[in-house]
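Please keep the sequence and the structure in view while reading.

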Amino acid sequence: MITTLLLIVVLQLVYVSMLTVRTILTIKGYQFMAALLSAVDVLVYVIGFKIVLDNLDQPINLIVYCVSYGVGLFLGMKLEEKLALGYLSISVITKKENVHLVQQLREAGYGVTAWFGEGMEGERLILSITAHRKQQSKLSKQISELDPSAFMVAYEPKHFQGGFSFQPFRRASNTLTLSRKKKAVQM
């Protein structure tokens, strides 16, 4: 009985974690990986479900199956967070005087497009930054340290082309000279 319960738990954790990651891979456009993972997760699902159906006379098996499903879903989401696949597009709105923020972020290797806009309290500097998802917390921390009052919003783009090179992110040696940077920001 204990062996059956442990087997159900392990199979559910594996199945639902893979199902969750597969769903996220599908949404993000990793079609081949998602299809490959689906072939494995359906095999694990069938085996686990068969064990539960063969032992319906013991309701604890069904309860363990259901609880393991929820835990597997949680583990799958945590696994996807660790994988951090894809890119982020981050918009930053700050005071117009923070032109140095553009330079510092570019020197850190981020692709930054900047322009001026009008906010409720006057002219604002608006930054658009594209980065790997794995860099989100580091980038947010850098921006907060440079400008604690900056407004930031991040979203995941589904498709993009052209623009800043992503492999690898350029370093300071490839950025514009300071005078050209000021012109780019003022445009």
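Predicted model: local features only at pLDDT ≥ 70, side-chain atom pairs only at ≥ 80, totals over all residues.

Tyr 45 and Phe 49 lie four residues apart in helix H2, so about one helical turn separates them.

In total, the structure holds three aromatic pairs. In another of these, the rings of Tyr 15 and Tyr 45 have centres 5.1 Å apart and planes at 40°, so the pair counts as tilted. Tyr 15 belongs to helix H1 and Tyr 45 to helix H2 (residues 31–54), so the pair ties together parts that are 30 residues apart in sequence. Tyr 15 has a relative accessibility of 11% and therefore counts as buried, since the limit for burial is under 20%.

The structure holds eight salt bridges, one of which joins Asp 41 and Arg 22 at 2.8 Å, N to O. This pair links distant parts of the chain, with Asp 41 in helix H2 and Arg 22 in helix H1, 19 residues apart.

Arg 22 lies in helix H1, which spans residues 2–28. Beyond its neighbours within four places in sequence, Arg 22 is in contact with Ala 34, Leu 37 and Ser 38 as well as Asp 41. Between Arg 22 and Gly 76 the C-alpha to C-alpha distance is 9.2 Å, although 54 residues separate them in sequence.

A further salt bridge connects Lys 28 with Glu 80, whose closest N and O atoms are 3.9 Å apart. Lys 28 lies in helix H1 and Glu 80 in helix H3 (residues 59–83), so that distant parts of the chain, 52 residues apart, are linked. Lys 28 is partly exposed at 22% relative accessibility, while Glu 80 is buried at 8%. Both residues belong to a network of salt bridges that also includes Arg 133 and Glu 156.

Finally, Glu 121 and Arg 124 form a salt bridge with closest N and O atoms 3.2 Å apart. Glu 121 is exposed at 66% relative accessibility, whereas Arg 124 is buried, with a relative accessible area of 17%.

Terms used. Residues numbered from 1 in each chain as written. Heavy atoms only, no water. Helix = DSSP H or I, 4+ residues; strand = E, 2+ residues; numbered from the N terminus. Contact = heavy atoms within 4.5 Å. Phe/Tyr/Trp six-rings, centres within 6.5 Å; stacked < 30°, edge-to-face > 60°. Buried < 20%, exposed > 50% of the residue type's maximum accessible area, 1.4 Å probe, protein only. Salt bridge = Lys/Arg side-chain N within 4 Å of Asp/Glu carboxyl O.
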